[in-house]
Amino acid sequence: MAIHLYKTATPSTRNGAVDNQVKSNPRNNLIYGQRRCGKGRNARGIITARHRGGGHKRLYRKIDFRRNEKDIYGRIVTIEYDPNRNAYICLIHYGDDTIVSGTEVPIKMGNALSLTDMPLGTAIHNIEITLGKGGQLARAAGAVAKLIAKEGKSATLKLPSGEVPTVGQVGNVGVNQKSLGRAGSKRWLGKRPVVRGVVMNPGGPQLVEKTPQPLGVILHLEKEVEKGNFIIRRRSK
């Protein structure tokens with residue numbers, strides 16, 4: 001999608017860069033309300049994650065991460081904005097010849113098939129870790145993985161940081177090039193202002209609850225991180 005640069009007419013449009021070609025027109029049978037808990041507070045109401053809270057009310061869009069409609073072609077009708085993720089979503093009408101999910105389907109952008117049926121070097125996204133659970137890897141805007149090796153029932157993938165995926169790359173690649181242009185737009189997304197600690201009032205209340213963790217819990221977490229199951233090579237720093 002193209003990035004639209006605003007002509008500075010008001011202070012709110014100065015340095016603004018947005019994508020005005022994507023609209024939000026969800027179908028009523030594909031959305032439902034949800035109770036947002038992303039206010040940065042724990043069960044006691046203590047702020048544990050700063051700079052979160054407020055924002056516009058959101059409706060959750062039902063996303064088909066499993067792609068269970070096998071060997072049934074579908075057509076992409078619209079590409080829409082989703083407030084719950086930074087990647088765009090699309091509405092598919094099944095019955096038309098555009099994209100398909102199955103075993104013997106062509107290697108084409110948007111098609112979904114197993115890793116065993118893909119050639120090496122294919123760019124993929126929406127990758128399953130557990131069969132039938134739905135895609136969990138490479139789902140953010142612009143994310144893409146690459147199939148580099150296959151051996152038996154295992155496959156080696158090169159993930160963005162260094163079981164049934166979808167061919168192609170996640171949309172909204174230029175998400176990092178956008179600039180909201182004003183503070184109010186950031187508040188609509190549920191993000192509060194950031195203030196440096198050196199300029200805060202020294203007599204103010206402590207906002208973060210400091211609970212020391214037992215040494216055994218810390219050592220256990222460090223061992224789990226050091227194991228690195230299914231990680232062949234970590235990314236270079």
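Is Asp 82 buried or exposed? Asp 82 counts as buried, at 1% relative accessibility. The notes below start from the model as a whole and then return to this residue.

1. Basis. This is a predicted model, in which local features need pLDDT of at least 70, side-chain atom pairs count only at pLDDT 80 or more, and totals for chains, interfaces and linings use all residues. Residues are numbered from 1 along each chain as its sequence is written, and side-chain values use heavy atoms, with hydrogens and water left out.

2. Overall make-up. The chain has two helices and 12 strands. Helices (H or I, at least four residues) and strands (E, at least two) are DSSP runs, numbered from the N terminus. The order from the N terminus is β-β-β-β-β-β-β-β-β-β-β-β-α-α.

3. Burial and surface. Of the 237 residues, 24% count as buried. Buried means under 20% relative accessible area, exposed over 50%, and partly exposed in between (1.4 Å probe, protein chains only). The chain exposes about 17100 Å². Carbon and sulfur atoms supply 54% of that area. Accessible areas come from the Shrake-Rupley method with a 1.4 Å probe; for residues, only the protein chains shown count as cover.

4. Asp 82. Asp 82 lies in the loop between strand E5 (74–80) and strand E6 (89–94). Leaving aside neighbours within four places in sequence, Asp 82 is in contact (heavy atoms within 4.5 Å) with Arg 61, Ile 63, Ala 87 and Ile 89. Arg 58 is 24 residues away along the chain, with a C-alpha separation from Asp 82 of 9.2 Å.

5. Tyr 94. Tyr 94 lies in strand E6. Tyr 94 counts as partly exposed because its relative accessibility is 38%. Beyond four places in sequence, Tyr 94 is in contact with Asp 64, Arg 67, Glu 69, Ile 72, Tyr 73 and Gly 74. Of these, Ile 72 is 22 residues apart from Tyr 94 in sequence, and 6.7 Å apart C-alpha to C-alpha.

6. Positive patch. Arg 35, Lys 39, Arg 41, Arg 187 and Arg 192 form a positive surface patch. Patches are made of residues with over 30% relative accessible area and no salt bridge; like charges are joined within 9 Å, nonpolar side chains (Val, Leu, Ile, Met, Phe, Trp, Tyr) within 5 Å. A salt bridge is a side-chain nitrogen of Lys or Arg within 4 Å of a carboxyl oxygen of Asp or Glu. Lys and Arg count as positive and Asp and Glu as negative, with His and the chain ends not counted. The place of a charge is NZ of Lys, CZ of Arg, CG of Asp or CD of Glu. Arg 35 sits in the loop between strand E3 (31–33) and strand E4 (59–61). Arg 35 counts as exposed, at 78% relative accessibility.

7. Nonpolar patch. Val 195, Val 198, Val 199 and Met 200 make a nonpolar surface patch of about 360 Å². Val 198 lies in the loop between helix H1 (183–188) and helix H2 (215–227). At 71% relative accessibility, Val 198 counts as exposed.

8. Backbone points to check. Asn 15 has a positive phi of about 60°, although it is not a glycine. Asn 126 has a positive phi of about 55° and is likewise not a glycine. Most residues other than glycine have a negative phi. Asn 15 lies between strand E1 (4–5) and strand E2 (17–18), in a loop. Asn 15 is exposed, with a relative accessible area of 62%. Asn 126 lies in the loop between strand E7 (123–125) and strand E8 (127–128). Asn 126 is buried, with a relative accessible area of 8%.
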